[in-house]
Amino acid sequence: MAQAKYTTHLGMVDILPDETRKWQALENLIRTEAEKFNFEEIRTPIMEQTELIVRGLGQLTDIVSKEIFAFSRGDDNYVLRPELTAPVVRSYVENHLDQRGGSQKLYYIGPMFRAERPQKGRQRQFHQFGVEVLGSDDAVADVEVISFMIQIYNKLGIKNTTLKINSIGDPESRDKYKEALKAYLKPNFDKLSELSKKRYEKNPLRILDSKEEEDKPFIESAPVITDYLNEASKSHYSKVKEYLTDVGILFEEDPYLVRGMDYYTQTAFELISPDLGAQDALAGGGRYDLLVEEIGGQPTPAVGFAAGMERLLIACDELGITLGDEKSVDVYIVTLGDAARRWGVSKLPELRANGHSATMDYMGRSMKAQMKDANRENASYAIIVGDNELNEGKFTFRNMKESEESSLSFDEILGKLGN
Ligand code: HAM
């Protein structure tokens with residue numbers, strides 16, 4: 001086949017018709033489950049102000065320093081959203097969603113953009129579904145968010161996952177821990193990777209997330225943040241663990257779990273799958289009690305998660321879980337001659353109005369080719385019509401699966417198809 005002249009950008013993929021059925025099934029599942037949790041959908045623009053993302057996620061994060069797609073137009077600085085927590089918070093503040101009363105329990109599904117090096121499970125345009133609950137500092141909110149996340153994987157049969165949790169405390173606890181971590185790393189500062197050296201002053205917690213070999217020995221025996229939590233942080237973390245146990249969700253505590261954005265406080269979690277290879281995080285999230293204020297709103301505690309949809313679909317493939325129905329159509333009208341073709345065109349809307357999916361040939365093909373096409377389209381029934389059938393008002397109604405035919409009027413056919 002000839003090489004296409006135009007192709008997608010690196011790390012951006014087309015989701016083709018055979019794949020979209022899976023995506024639709026997944027999206028339907030997410031919506032159905034979100035409804036059960038009383039979460040409402042929010043949809044925000046694909047582009048945001050660069051300043052929101054820089055401020056929200058943190059200047060020194062990988063996403064902001066290396067991975068955002070940003071451009072300016074006139075005086076405005078645009079960024080393709082790399083995630084949705086900061087945009088949802090922006091929307092919450094801008095639209096005064098707090099005035100709707102109670103906590104806002106929002107979910108979303110959509111594309112995100114990060115200029116990462118593409119590999120299996122890592123793309124530059126990828127999709128997330130996620131939840132943000134704004135206005136509650138109760139550990140119930142943390143656990144509901146985690147329950148929803150787990151529920152989606154459970155419903156699909158992806159059970160071979162590990163939920164890792166940690167508390168990174170409030171700023172007071174974290175400041176104490178940062179000092180302890182820096183004091184511990186100081187004697188070996190020269191042996192740390194260049195990246196960790198850079199992070200040492202401004203963001204030492206991120207050193208714990210380093211993938212560099214030279215950092216590993218130091219991370220392995222570093223002090224743990226959970227020893228530095230103040231009473232309030234400790235108590236919140238205990239409640240989260242207690243409620244998780246109450247709802248029967250298994251978890252592993254990982255005191256070195258830190259997340260990639262600066263907005264996190266208290267609870268942090270990740271859902272890991274052994275079926276994914278190097279990019280093993282199915283989903284992640286946590287609390288961000290200070291972000292609303294950071295972005296200009298009133299102090300508002302919040303918690304959420306986001307899950308990678310490509311990674312979820314990879315896990316399904318690895319586990320042999322099929323999602324979505326096969327391509328199919330209820331009725332294919334096969335015609336011979338102009339009059340029959342006219343009849344066919346006029347009957348399509350009637351079939352559809354009765355709740356059936358219906359199609360016919362658009363390419364002027366022979367009857368034989370149309371029958372072949374009906375098979376390829378996985379039609380349940382074919383209505384075969386030529387001049388004789390039109391004269392008699394009786395059409396060949398073929399059950400494609402059973403290879404059975406009968407001669408029926410159109411009304412009788414509608415009756416057979418049912419509603
Ligand atoms: P995140 O950990 O950056 O968190 O992303 C969540 C999930 O998105 C990851 O676990 C992964 O499955 C998927 N993901 C991330 N980057 C890529 C990529 N380049 N290609 C494919 N999948 C990817 C957040 O985005 C936070 N906003 C989560 C959150 C919500 N925290 C609080 N509320």
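Guide: Let's start with a term: a helix here is a DSSP run of H or I at least four residues long, and helices are numbered from the N terminus. Keep in mind, too, that this is a predicted model.

Visitor: Okay, let me try it. In which helix is Val88 found?

Guide: Val88 sits in helix α4. Next, check how covered a residue is: under 20% relative accessible area counts as buried. Val88 has a relative accessible area of 1%, so it is buried.

Visitor: And what does Val88 touch, leaving out residues up to four places away in sequence?

Guide: With those set aside, Val88 touches Ile42, Leu106, Tyr108, Glu132 and Leu134.

Visitor: Now a whole helix. How many of the residues of helix α2 are buried?

Guide: In helix α2 (residues 50-57), 6 of the 8 residues are buried, so the helix is largely enclosed by the rest of the structure. The buried ones are Thr50, Leu52, Ile53, Val54, Gly56 and Leu57.

Visitor: Which elements do the buried residues of α2 pack against?

Guide: They pack against β2, α3 (62-67), β3 (70-73), β4 (76-80), α4 and α10 (291-294). Just after α2 comes Gly58, with a positive phi of about 110°.

Visitor: How should I read a positive phi?

Guide: Here's the general idea: most residues other than glycine have a negative phi. With that in mind, look at His96, which is not a glycine but has a positive phi of about 50°. His96 lies in the loop between α4 (85-94) and β5 (104-113). Its relative accessibility is 46%, so it counts as partly exposed.

Visitor: What about Asn378, and where is its place?

Guide: Asn378 isn't a glycine either, and its phi is positive, about 60°. Find Asn378 in the loop between α13 (367-376) and β14 (379-385). With a relative accessible area of 24%, Asn378 is partly exposed.

Visitor: Let's go inside. How many residues are in the largest nonpolar core?

Guide: First the general idea: in soluble globular proteins, nonpolar side chains tend to be buried together. In this model the largest nonpolar core has 90 residues, and the ones touching the most other members are Phe129, Phe148, Met149, Tyr153, Leu163, Phe305 and Leu312. Helix α5 (residues 139-156) gives the largest share of this core, 11 residues. A second, separate core has 17 residues, including Val331, Met360, Phe410 and Ile413.

Visitor: Which residues is Leu312 in contact with, leaving aside neighbours within four places in sequence?

Guide: Apart from those neighbours, Leu312 contacts Leu26, Phe129, Ile152, Tyr153, Leu156, Ile158 and Leu282.

Visitor: Which nonpolar residues form a patch on the surface?

Guide: Ile46, Met47 and Phe71 do, with about 250 Å² of accessible area together. Met47 belongs to strand β2 (residues 47-49). Its relative accessibility is 38%, so Met47 counts as partly exposed.

Visitor: On to charges. How many salt bridges are there?

Guide: The idea is that side chains of opposite charge can pair when their charged atoms come close. The count here comes to 33 salt bridges. One of them joins the side chains of Lys182 and Glu201, at 3.2 Å from N to O. That pair links distant parts of the chain, 19 residues apart, with Lys182 in helix α6 (residues 171-185) and Glu201 in helix α7 (residues 194-202).

Visitor: Is Lys182 buried or exposed?

Guide: At 13% relative accessibility, Lys182 counts as buried. Glu201, with a relative accessible area of 55%, is exposed.

Visitor: Which residue forms a salt bridge with Arg341?

Guide: Asp361 does, and the closest N and O atoms are 3.6 Å apart. Arg341 is in helix α12 (residues 338-353), while Asp361 is in the loop between β13 (358-360) and α13, 20 residues apart. Arg341 is partly exposed at 26% relative accessible area, whereas Asp361 is buried at 2%. Both belong to a network of salt bridges that also links Lys327, Arg365, Asp373, Arg376 and Glu377.

Visitor: Last one: into which domains is the chain divided?

Guide: Domain 1 covers 17-170 + 230-319, and domain 2 covers 329-418. Their C-alpha centres lie 48 Å apart.

Methods:
Residues are numbered from 1 along each chain as its sequence is written. This is a predicted model: local features need pLDDT of at least 70, side-chain atom pairs count only at pLDDT 80 or more; totals for chains, interfaces and linings use all residues. Side-chain values use heavy atoms; hydrogens and water are left out. Patches are made of residues with over 30% relative accessible area and no salt bridge: like charges are joined within 9 Å, nonpolar side chains (Val, Leu, Ile, Met, Phe, Trp, Tyr) within 5 Å. Accessible areas come from the Shrake-Rupley method with a 1.4 Å probe; for residues, only the protein chains shown count as cover. A salt bridge is a side-chain nitrogen of Lys or Arg within 4 Å of a carboxyl oxygen of Asp or Glu. Helices (H or I, at least four residues) and strands (E, at least two) are DSSP runs, numbered from the N terminus. Buried means under 20% relative accessible area, exposed over 50%, partly exposed in between (1.4 Å probe, protein chains only). A nonpolar core is a set of buried Ala, Val, Leu, Ile, Met, Phe, Trp, Tyr and Cys residues joined through side-chain atoms within 4.5 Å. Contact means heavy atoms within 4.5 Å. Domain bounds come from an automatic or database domain assignment.
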